[in-house]
Protein chains: 4
Amino acid sequence: MARKPVIGVIGGQHPSPEAIAHAEAVGRLIAQAGAILACGGLGGVMEAACRGAKAAGGFTVGILPGASKAEANPYVDLPIVTAMSTARNVILVRTADALVAIDGAYGTLSEMAHALDQGKRIVSLGAWDLTKAGVDSHGILDAKTPEEAVRLALAEARAGRA
Amino acid sequence: MARKPVIGVIGGQHPSPEAIAHAEAVGRLIAQAGAILACGGLGGVMEAACRGAKAAGGFTVGILPGASKAEANPYVDLPIVTAMSTARNVILVRTADALVAIDGAYGTLSEMAHALDQGKRIVSLGAWDLTKAGVDSHGILDAKTPEEAVRLALAEARAGRA
Amino acid sequence: MARKPVIGVIGGQHPSPEAIAHAEAVGRLIAQAGAILACGGLGGVMEAACRGAKAAGGFTVGILPGASKAEANPYVDLPIVTAMSTARNVILVRTADALVAIDGAYGTLSEMAHALDQGKRIVSLGAWDLTKAGVDSHGILDAKTPEEAVRLALAEARAGRA
Amino acid sequence: MARKPVIGVIGGQHPSPEAIAHAEAVGRLIAQAGAILACGGLGGVMEAACRGAKAAGGFTVGILPGASKAEANPYVDLPIVTAMSTARNVILVRTADALVAIDGAYGTLSEMAHALDQGKRIVSLGAWDLTKAGVDSHGILDAKTPEEAVRLALAEARAGRA
């Protein structure tokens with residue numbers, strides 16, 4: 001059985017208007033590519049990405065920090081209820097075959113770090129520029145547009161899921 | 001948006017032939033009801049339930065204990081990679097809107113206990129008879145057949161997801 | 001270096017007066033034996049056991065479900081802050097070299113199940129009688145008194161920590 | 001009851017000789033101040049810090065990623081067995097009243113990010129300079145020496161544990 005690739009979208013709850021537009025486009029493109037969108041299931045970047053995916057007929061998974069499905073944004077098809085607070089960030093990073101990071105929240109920073117720690121490269125669309133802090137530039141793929149971000153992420157997913 | 005109900009199927013890796021047949025039928029009936037099947041993603045009861053769901057065109061989620069999707073059985077559509085060993089049992093119980101327990105592994109026992117602890121009733125199809133150990137009989141719904149088990153589980157899911 | 005054995009005491013927040021007396025005595029005896037007491041860090045059986053241990057000059061660890069040390073009972077020397085709700089039950093069971101179960105809360109039941117699943121025997125001082133539900137009697141050691149419970153637990157800890 | 005402060009020391013398994021010397025001194029100073037040292041329990045920075053603390057008569061906690069106490073370094077007094085892989089990083093950050101980061105492993109980076117996400121400031125002794133990547137400099141306290149690092153961490157612990 002060929003599983004659909006899972007693309008994680010990471011980003012915070014209080015994004016800029018540009019980050020929201022980026023997240024929505026990224027979600028739409030993930031769905032149009034036939035991939036599953038995974039995220040943290042809450043608002044902001046997460047909600048915008050899910051909304052974009054649902055508008056294109058995609059499937060969305062929200063890996064929630066709390067104990068109730070009520071906290072999921074309305075565009076989450078499948079809430080995974082961890083009740084593990086930010087430890088769910090690690091589960092999201094492990095579940096995603098590739099990751100697109102949008103914006104600069106500290107939770108996003110933790111997810112980028114866990115990805116690097118797991119040997120996964122991150123596609124950055126305006127997220128933390130960790131190479132300035134000394135992270136090996138091999139680990140971060142800069143994208144200029146949502147289209148480039150999703151193209152790079154799909155290639156990473158294909159490469160990783162041997 | 002109306003989310004599909006998520007029915008969890010819990011059971012071990014070394015079931016009896018009867019438990020395998022039950023799990024496969026339960027998986028099929030969950031899929032035919034339009035619900036998502038969630039399980040621990042490994043072999044035995046989990047694999048049989050996923051196989052049944054896929055044969056009926058359903059969607060299956062496997063909440064894995066390890067760090068790799070390679071451990072998922074071949075009928076899992078979406079592996080959630082926790083790398084949290086048996087702590088993933090708690091996530092499975094929280095994620096399911098209702099639970100069907102099949103067979104008598106100790107992992108299954110832990111999931112029944114977590115369900116009771118979270119105030120969720122369990123549909124038992126030949127699983128541990130905890131009422132004999134003093135568990136309030138209100139918490140456990142005995143089913144005689146896969147059909148009765150899935151009917152009871154869907155009713156629980158509807159009741160719980162107000 | 002010889003590490004001190006860690007004895008876990010499991011039990012709920014709303015115990016009977018007898019369970020409270022048992023827990024306090026168990027905590028005291030653990031401390032007098034030079035072992036570390038580990039528990040879930042909250043009230044009821046957990047608090048009584050910690051109070052007993054502190055009265056005898058022992059050291060207590062509370063593996064907390066929430067995100068704040070403020071929820072620890074006042075007799076916890078070292079709060080471990082998991083913010084993982086009842087998934088912390090699994091950590092407690094793994095951390096303990098041996099376990100004494102007191103009373104009949106569902107969280108206790110989950111911890112007994114995780115212990116069985118991990119191949120650890122449980123010393124039961126009036127806890128769930130799981131042998132009535134079909135659990136192999138090898139896995140549960142019945143104790144009549146706190147003294148017998150702690151003696152059995154220390155023997156299990158010695159046997160397990162080869 | 002006044003609990004002893006818990007100072008977390010974070011750093012990787014393959015540190016430079018300078019980082020090892022720093023970690024050992026930091027561990028010693030934490031113990032001399034009467035605080036408990038918490039770390040990830042493995043080798044490298046973690047082992048050096050525990051060794052320093054034990055040489056000064058301190059108490060050490062290792063929050064382990066695996067399922068066995070056998071992976072703890074020999075200077076860990078109390079291994080907490082999570083079997084949760086790198087999700088244990090989040091527990092370490094939550095458990096520490098203050099954190100000293102030494103060296104530049106990606107696991108360390110994840111712990112710094114989780115600390116920032118939880119509103120905890122990090123004392124950095126040659127760790128990732130996240131201010132260059134845009135992190136608010138308020139969140140990171142640079143220390144030149146182990147003495148300065150522990151002094152700053154103890155002050156943070158006092159400030160945070162109201």
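Axes here are lines fitted to C-alpha atoms, for helices over the stretch in contact, and angles run from 0 to 180 degrees between N-to-C directions. I am working with a predicted model, where local features need pLDDT of at least 70, side-chain atom pairs count only at pLDDT 80 or more, and totals for chains, interfaces and linings use all residues. Residues are numbered from 1 along each chain as its sequence is written, chains are lettered from A and ligands numbered from 1 in the order in which they are written, and side-chain values use heavy atoms, with hydrogens and water left out.

**Entry: α3 and α4 in chain A**

I began with the pair α3(A), residues 88-95, and α4(A), residues 106-117. Helices (H or I, at least four residues) and strands (E, at least two) are DSSP runs, numbered from the N terminus. The two axes come within 9 Å and cross at roughly 50°. That makes α3(A) oblique to α4(A); angles under 35 degrees count as roughly parallel, over 145 as roughly antiparallel, 65 to 115 as roughly perpendicular and the rest as oblique. On the α3(A) side I found A:N89, A:V90, A:L92 and A:V93 in the contact, and on the α4(A) side A:G107, A:S110, A:E111, A:H114 and A:A115 (contact means heavy atoms within 4.5 Å).

I also checked the cover on α3(A): eight of its eight residues are buried (under 20% relative accessible area, with exposed over 50% and partly exposed in between, using a 1.4 Å probe and protein chains only). Among them are A:R88 and A:R94.

**Entry: α1 and α2 in chain D**

Next I looked at α1(D), residues 17-32, and α2(D), residues 45-55, which pack at about 40° with their axes 6 Å apart. That makes α1(D) oblique to α2(D). D:I20, D:A23, D:E24, D:G27, D:R28 and D:A31 of α1(D) meet D:V45, D:A48, D:A49, D:R51, D:G52 and D:A53 of α2(D).

**Entry: D:L99**

I then picked D:L99, in strand β5 (residues 98-102) of chain D. D:L99 counts as buried because its relative accessibility is 0%. Beyond neighbours within four places in sequence, D:L99 touches D:G8, D:I10, D:V93, D:A115, D:I122 and D:V123. I noted 15 Å between the C-alpha atoms of D:L99 and D:T145, which sit 46 residues apart along the chain.

**Entry: chains C and D**

Last, I laid chain C on chain D: a turn of 180° and a shift of 0.0 Å along the axis give an RMSD of 0.0 Å (least squares on the C-alpha atoms of residues with pLDDT of at least 70 in both). That is the relation of a two-fold axis. In chain C, C:I80 comes closest to the rotation axis, at 4.4 Å (C-alpha).
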